[in-house]
Amino acid sequence: MGDIIKLVGKRLGLGLLILLIISIIIFFMVELLPGDIAQAVLGQGATAENLKALRTKMGLDDPAIVRYLAWLADAVTFDFGRSIVTDEKVTTIIGERFANTLFLAAYAAVIAVPVSIILGVVVALLRNSVFDKVANVVTLSFISSPEFFLGYILILYFSVKWGIFPSIASLSDSMSFWELLNRTFLPALTLVLVVMAHMMRMTRAAIINLLASPYIEMAKLKGAPPWKVIVKHALPNAWAPIINVIALNLAYLITGVVLVEVVFVYPGIGQALVDAVSKRDFPVVQACCLIFAATFILLNLAADVGAILTNPRLRHPK
Amino acid sequence: MSFFVVGYYALLLVTSCLAAYFNQRQAFLVLFSLTLVSFVLGIVGGVPALRAVATCAGLLLFAGMIAYAFREFLIYLSSDDMGKELRTAPLTAAFGMFVIFTYAIMGIFAPWIAPHGEAEVISSAFAPADENMLLGADQLGRDMFSRIVFGARNTVALALVGTTLAFILGAMAGLLAATKGGFFDGVMGRTADVIMSIPSLIFALLMLSIFGGSLAAPSTSFWLLTGFFCVVGLLFLAAAAEGAMGWLIGAAIAVGVAVGLALFGTSIFNASEVILILVVAIIYSPRVYRLTRAVAGNVVVMDYIEAAKLRGEGNWYLIRREILPNSTAPLIAEFGLEFCFVFLLIAGLSFLGLGIQPPTADWGSMVRENATLISFGDITPLIPAGAIALLTVAVNFVVDWMLHRSSGLKE
C-alpha cells in the first residue's frame, strides 16, 4: 500500500509542477504584449497621465516577478483580482459560471460514459462485421464534425422543427431540477455525441488489443463460455484502459464545452472566456485559462492514478 | 398506405431476400435490420420518417457510386504499382479522395467558379435564393454560394499552411531529439509535455487575446513570424552544421532565409491570419514532435543506422537518408490527422469571431453570422458547417486507409 501512496504522491507533485509552469506561461505571456496591459487597455490615443494613473492602479510599476508572485499567492486562494473592463471581482464573474459548466459536463458524462463503454465493447465483440464498419464510419463522422455543426443540427430539428427541447439554455434559480435537465438537454446531447464517438473508438481499440492476447486465446481453447472469457478474463485487465479513456474524454469535454456554450448561449465559463478574449480583459482570461488548465491536468492525473490502481504491473517500475 | 410506402417495403424485402438467397450474409444483415428498424420508424414517424430514410439511403448509394467510379478512374490513370495499391482502398477512402479533389478544384479556381465577388454586396440582407443567387444572401446581402466557394480557398489554405509549419517544427525537433538524445531530448520532451497539458482551444484563446484577432499589428506579426522561422532554422542548423565556422555561416544564412520567408508570409496573409497560423503551429507542433520522436526512436536503434554512424556519417545525413525514408508512412498519416485538428481549431476560432477576420469569407464565421436563420428553419447556415465536417471526414477516411496499409494493422 505504501508504494502506491508514494507513486500517487509523485504523480501529484509532477502535476503541481506542470501547473506552476503553466501559471508562469499564462502570466508572462501577457507581459509579452507590445507595450503593456495599460497601453493595450487604453489604446493608442491614451494620454501619458491616464497611462500613469492606470499603471499605478494596477501595480504595473513593480517588476514582473513581484507581480507574478503576488498574483500566484492570490490565485491559490481563488482571488484573481478585478476585471479591467467592468471592475468587478473576477471571482464573482466566474464563480457561478464555473458551477454551470461543471453541471453541463457532468450531465454529458453521466449519459456518455456508460452508453459508450457498453457500445464500445459490443462493437469490439462484433469486430469486422457490418455493424462494426457502420459504427466506424458513424463515429468518425461525429469526431470530424465541428461541435457547432452538431449543435445547430440538433437545434434545427429538436427545437425549431419538432419543438421538443428549447434551443437557448438560459438558466434561472427558480427552475426545478427536471426543468433544468430539460433546458440543458440539447447542449449536453451535443457534447455526448462528440465524446461518445471518441470513447467508443478508444474502448473498442483497447478491448480488441486485449482480446488478441494469448491468455484470452487460452481461455477460449480450454472451453470457457464466451461471457466468462469476457467477464472473468478480459474485464479485470480492461479496467485500466477504460478508466484512461474516461478520464481523457472528460478532459476533452472541458474544452469542447467552450464552443457548445457559445452555440446554446449557455451561461458557463467558456462563454466568459470568449467574451473576455474579445474584450481583452486579461485578468479574466488568465483566470479562465488557469482553471481550464488545472481541470485538464487534474483529469489526466486521475487517468494516471486510475491506471496505477488497476494495473499492479505499473506499481513496480523497473 | 401510399404507393411510396408499399414500394419502400417491397424493395427492402426483395433485396434482403435476394441477398440471403445468394449468401451475401453481410448485405442481408444490413438490409433486413433496416427493414425491421423501418417498421418501428414508420409507426412512430409516419411517411416522412420513411422518406428521410430513403433519401439518406439514396445519398449513400450515390456517394458509393461516385467513390467506386472515382477509384476506377484513378486506377485507370495511375501506373501499375499505384493501381495495385489503389485497388486495396476501401470505398470510404475513395470517397475521401474524391472530396479532397473536389475541394482542391474549388479552392484553386474559386474566382472563376464563384459568380460574384467575395465581399461584393449584391442584394438585401438574408434575401432568399433566386436565379441570380443559388443559396440566397447572407446577413449583409452578399452571395452565400460565392462566399462558400471562396471559403474553400481561405480556410483550407490557412489550415494547410498552419499544419505545414507545425509539421516542419515538430518533425525537425523530433528527428533531432531522436538522433542526438541526451539533454536535448529531455528538454524537448518536457517542453512538449507542458504545451500539451494546456487544452489546445484554451491555449489558442490565450495567445489570440494577447497578439491577435482584429487588433494584430503588421509589425508584431512580422517579427513573430521571423522568430518562428529562426527557431526552425536553428533546428536545421543543429542537425547540419559542423564546427564553429559552419555555425556562423549557417546562422547568417538562416536569419536571411527567415526574414525572406517572413516577408513573403506577411505579403500573402494579413496580420491576424499570420498570428493565427503561428498560434496553430505552436500548439500542434508538440503532437508532431511526440510522434516523430517515437517513430524515429524505433528507427535509430536499427543496425543500418549503426553502420552509417561507423562510416562516419553526420546527423544531417542520418536524418535525411536513413531515418526519414524509413518513417514517411506514419508521418504522412500524421500530417492528415494534424490537418483535421488544425482545420477544426481554426474553424472553431473563426466561429467564435477570433480567427479569420471579416470581410474574408470563411466557413466558421459564416456559420456564426447567419445562425439566426436556423431559428426560422432555414438550413443555409449549416452548409458551411457541413463543408467543414465533410472535408475533415474525407481526410480522416483517407488517413484511416493509409494507417491501415502502412502499419499492417490487421487486428
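This is a predicted model: local features need pLDDT of at least 70, side-chain atom pairs count only at pLDDT 80 or more; totals for chains, interfaces and linings use all residues.
In it, N23(B) sits in the loop that joins α1 (3-21) to α2 (25-77) of chain B. Its phi is positive, at about 60°, although the residue is not a glycine.

V265(A) is not a glycine, and its phi is positive, near 50°. The residue is placed in the loop between α11 (226-263) and α12 (269-279) of chain A. V265(A) counts as partly exposed because it has 13 C-beta neighbours inside 10 Å.

The two chains touch. On the side of chain B, 42 residues are in contact with 45 residues of chain A. Four helices of chain B each supply at least two residues to this side: α2, α8 (200-211), α14 (328-351) and α16 (382-407). By class, the residues of chain B that touch chain A comprise 29 nonpolar, 12 polar and one charged.

Chain A itself is divided into two parts. Domain 1 covers residues 2-76, and domain 2 covers residues 90-307. Taken over C-alpha atoms, the centres of these domains of chain A are separated by 32 Å. Contact between them involves 14 residues of domain 1 and 11 residues of domain 2 of chain A. On the domain 1 side, α1 (2-31) and α2 (37-42) of chain A are the elements that give two or more residues. The most comes from α1(A), with 11 residues. The classes on this side of domain 1 of chain A are 11 nonpolar, two polar and one charged.

Within chain B, helix α10 spans residues 243-268 and has 26 residues. From its first C-alpha to its last, α10(B) reaches 37 Å. That is close to the 38 Å expected at 1.5 Å a residue. The buried residues of α10(B) are A254(B), A258(B), A262(B) and G265(B). An α-helix has 3.6 residues a turn, so residues three or four places apart point the same way.

Terms used:
Residues are numbered from 1 along each chain as its sequence is written. Chains are lettered from A and ligands numbered from 1 in the order in which they are written. A residue is buried if 20 or more other C-beta atoms lie within 10 Å of its own, exposed if 12 or fewer, and partly exposed in between; C-beta atoms are placed from the backbone. Two residues are in contact if their C-beta atoms, placed from the backbone, lie within 7 Å. Ala, Val, Leu, Ile, Met, Phe, Trp, Tyr, Cys and Pro count as nonpolar, Asp, Glu, Lys and Arg as charged, and the others, Gly among them, as polar. Domain bounds come from an automatic or database domain assignment. The expected span of a helix is 1.5 Å times one less than its number of residues.
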